[in-house]
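Here are my notes on the model, point by point. Please keep the structure open while you read.

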Amino acid sequence: MDDTGAHPLDTRPADTHPVPTSAASAPAPRGTFDAVIAGAGAAGLSLACHLANAGWGDRVLLVDDGSHPLEHRSWAWWSTGAELLAPFASSAVEHLWLAGEGWRRRVALEPYAYRRITGPQLSAATDRLIGGRQGYRRVVGSVRSASRDGTGCRVEIELTEPDGNRTVEVTARWVFDSVGLGAQAQSRSPEAYLDFYGLHVECETDAFDPGTATLMDFRTDQSAGAAFVYVLPTSARRALVERTVFAFSDTYDRDAEITRHEDRVREYVRAHVNTLDYRVTGREIGTIALPRGPAATPAGPVIPIGARAGMVKASTGYGFERIQRHSAAIAGCLDRGVSPGSAARDHRWSRALDHALLRVIRHDPTTAVEIFAALLTRNSGPRILAFLDEDASLIAQLRLFATLPLAPFARAHAHLLSGGRPRGAPAHRI
Ligand SMILES: Cc1cc2nc3c(=O)[nH]c(=O)nc-3n(C[C@H](O)[C@H](O)[C@H](O)COP(=O)(O)OP(=O)(O)OC[C@H]3O[C@@H](n4cnc5c(N)ncnc54)[C@H](O)[C@@H]3O)c2cc1C
């Protein structure tokens with residue numbers, strides 16, 4: 001798998017910007033920190049930005065081992081633009097296409113815009129925001145462990161240095177963990193994930209509207225599972241055209257499907273971009289795990305953040321906006337002198353809905369596509385996005401539910417309770 005770290009909804013070759021500040025010439029970190037942030041991906045970097053912006057902490061250490069290089073990553077999200085990182089996004093589109101068999105609609109997103117930030121841009125934004133705080137540092141290394149020590153933690157870090165690795169121990173009042181320190185290996189099966197395959201295409205003539213992305217177009221083969229195509233134009237002639245399948249590891253044969261994926265994407269370009277004159281300039285292939293079990297919870301001074309903290313939405317694979325909210329809430333708690341362990345929103349209701357939808361997608365993908373069609377055709381763009389982002393008021397949610405066929409949710413639930421499962425599939429939780 002060539003996991004570029006990009007989402008179905010947001011992938012383009014990354015810009016070049018030097019990513020993490022190496023520990024090369026700086027002295028090794030030692031002593032006591034207000035916080036150690038383990039992992040400098042979406043959550044670690046976002047949190048550092050929010051803490052620095054809030055003016056919190058005299059000594060904050062951000063550690064990343066480079067196992068997921070930022071150069072090849074990017075994140076898309078939608079927002080009203082009020083969040084700290086919105087100004088650092090490389091693009092913001094204000095219209096989306098939504099489509100399925102026999103229908104297609106273009107929706108305005110206002111007050112939202114659909115934004116995208118590359119790993120190097122996020123890294124540069126972080127350097128800029130933490131640049132104003134002297135005690136903030138980024139180092140390259142692997143956080144090995146965090147063990148309770150009084151009200152804080154002892155943190156063991158294996159630093160990556162030009163002349164070899166060296167292990168140091170520091171203490172910290174808080175450890176923000178996006179890497180799973182001390183976590184038990186999770187059972188791998190059954191796993192729900194998004195399996196995506198994208199082609200960067202360059203057409204001979206104008207074929208795309210750069211101001212409009214295609215969020216979900218279900219006019220693609222559904223035989224391997226509920227599937228949709230995403231199109232992100234970067235100019236009138238260039239776009240990423242990406243196909244995503246909701247996959248379940250005990251029933252989905254990824255090796256077999258990967259060879260078919262490209263044909264399906266090319267079929268889509270032929271039929272819906274309406275061109276044969278294009279060349280492929282790159283590929284985006286990867287998976288996004290859709291969380292199943294409970295999220296990691298705070299344990300004293302160790303606070304999970306990011307995907308581990310349940311910030312990736314199980315029915316969409318999006319997590320960036322939730323990570324922003326969580327980061328802002330953590331900074332707010334620390335600023336007020338409150339434990340950041342209480343910063344995570346309660347996602348139980350949304351998680352229950354996500355899992356119900358995933359069950360329908362798994363057991364009855366045809367009906368699932370009908371549910372998506374109802375959601376996407378009977379609601380305004382902002383209402384859809386607010387719902388998907390868990391930003392909708394109760395009234396707005398009820399209005400939206402009134403547009404959906406709810407019987408399949410009940411059937412999927414009953415199916416689960418009766419122990420039913422697809423032919424040949426072992427028992428499962430989803
Ligand atoms: C391929 C992919 C694309 C996605 N695209 C989007 C998107 O476009 N929009 C969206 O909203 N959501 C997206 N998501 C979902 C979610 O937002 C991302 O998974 C997000 O990156 C999660 O942030 P994180 O900080 O928890 O993990 P990561 O961003 O993966 O960060 C973890 C970091 O920890 C480092 N690390 C690992 N082990 C150690 C260690 N022991 N010590 C130090 N560092 C370590 C890694 O190098 C990495 O940088 C995507 C998910 C995937 C898998």
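1. Start with one term: two strands pair if DSSP finds at least two bridges between them. With that in hand, look at the open sheet of three strands, ordered S3-S7-S4. Its pairing is antiparallel. S3 and strand S4 (91-93) stand at the edges. Each has a single partner strand, so one side of each is left without a neighbour in the sheet. On average, neighbouring strands of this sheet are turned by 20 degrees against each other, direction ignored.

2. Keep in mind that this is a predicted model. The chain has 430 residues, and buried residues make up 55% of them. Its secondary structure comes to nine helices and 16 strands. Take the contacts in the chain with a separation of 6 or more: residues 24 or more positions apart account for 74% of them.

3. Back to the three-stranded sheet. How many bridges join S3 and S7? There are six, and the two strands run in the antiparallel sense. Within this pairing, tryptophan 75 stands opposite isoleucine 117 in S7. Helix H2 (residues 119-131) packs on the sheet and touches S3 and S7. The direction of H2 makes about 80 degrees with that of S7.

4. Now the open sheet of seven strands. Its order is S6-S5-S12-S13-S14-S11-S15, and the pairing is mixed. Which strands are at the edges? They are strand S6 (103-108) and strand S15 (278-290), and each pairs on one side only. Neighbouring strands here are turned by 20 degrees against each other on average, direction ignored.

5. Zoom in on one end of that sheet. Strand S5 (residues 95-100) pairs with S6 in the antiparallel sense, over six bridges. Leucine 98 stands opposite arginine 105 in S6. Two helices deserve a look here. Helix H3 (residues 254-273) packs on the sheet. H3 touches strand S11 (192-203), strand S12 (212-217), strand S13 (227-233), S14 and S15. Its direction makes about 40 degrees with that of S11. H6 also packs on the sheet, touching S5, S6, S12 and S14. The direction of H6 makes about 40 degrees with that of S6.

6. Next, the aromatic rings. The count comes to ten aromatic pairs. One of them joins tryptophan 78 and tyrosine 114. Their centres are 6.4 Å apart, with 25 degrees between the planes, and the pair is stacked. Why does this pair tie together parts that are 36 residues apart in sequence? Because tryptophan 78 lies in strand S3 (residues 74-79) and tyrosine 114 in strand S7 (residues 113-118). Tryptophan 78 and tyrosine 114 are buried.

7. A second stacked pair is phenylalanine 246 with phenylalanine 372. The ring centres are 6.0 Å apart and the planes are at 25 degrees. Phenylalanine 246 lies in strand S14 (residues 238-248) and phenylalanine 372 in helix H6 (residues 365-377), so the pair ties together parts that are 126 residues apart in sequence. Are these residues buried or exposed? Both phenylalanine 246 and phenylalanine 372 are buried. Ring pairs also link Phe218, Phe228, Phe246 and Phe372 into a cluster.

8. Two arginines sit over rings. Arginine 59 lies over the face of phenylalanine 33, 4.0 Å from the ring centre. The charged end of arginine 104 sits over the ring of tryptophan 97, at 3.5 Å from its centre.

9. Turn to the cores. In soluble globular proteins, nonpolar side chains tend to be buried together. Here the largest nonpolar core has 53 residues. Tyr114, Leu215, Phe246 and Ile361 have the most contacts inside it. H6 gives the most to this core, with eight residues. Apart from it lies another core, of 40 residues, including Ala35, Trp75, Phe88 and Trp174.

10. Isoleucine 157 is buried, with a relative accessible area of 0%. Leaving out residues up to four places away in sequence, isoleucine 157 touches Leu61, Val63, Ser142, Val143, Arg144, Arg166, Thr167, Val168 and Val170. Valine 140 is 17 residues from isoleucine 157 in sequence, and the C-alpha to C-alpha distance is 9.6 Å.

How values were computed: Residues numbered from 1 in each chain as written. Predicted model: local features only at pLDDT ≥ 70, side-chain atom pairs only at ≥ 80, totals over all residues. Heavy atoms only, no water. Phe/Tyr/Trp six-rings, centres within 6.5 Å; stacked < 30°, edge-to-face > 60°. Helix = DSSP H or I, 4+ residues; strand = E, 2+ residues; numbered from the N terminus. Buried < 20%, exposed > 50% of the residue type's maximum accessible area, 1.4 Å probe, protein only. Lys NZ or Arg CZ within 6 Å of the ring centre and 35° of its normal. Axes fitted to C-alpha atoms, helices over the stretch in contact; angles between N-to-C directions. Contact = heavy atoms within 4.5 Å. Core = buried A, V, L, I, M, F, W, Y, C linked by side-chain atoms within 4.5 Å.
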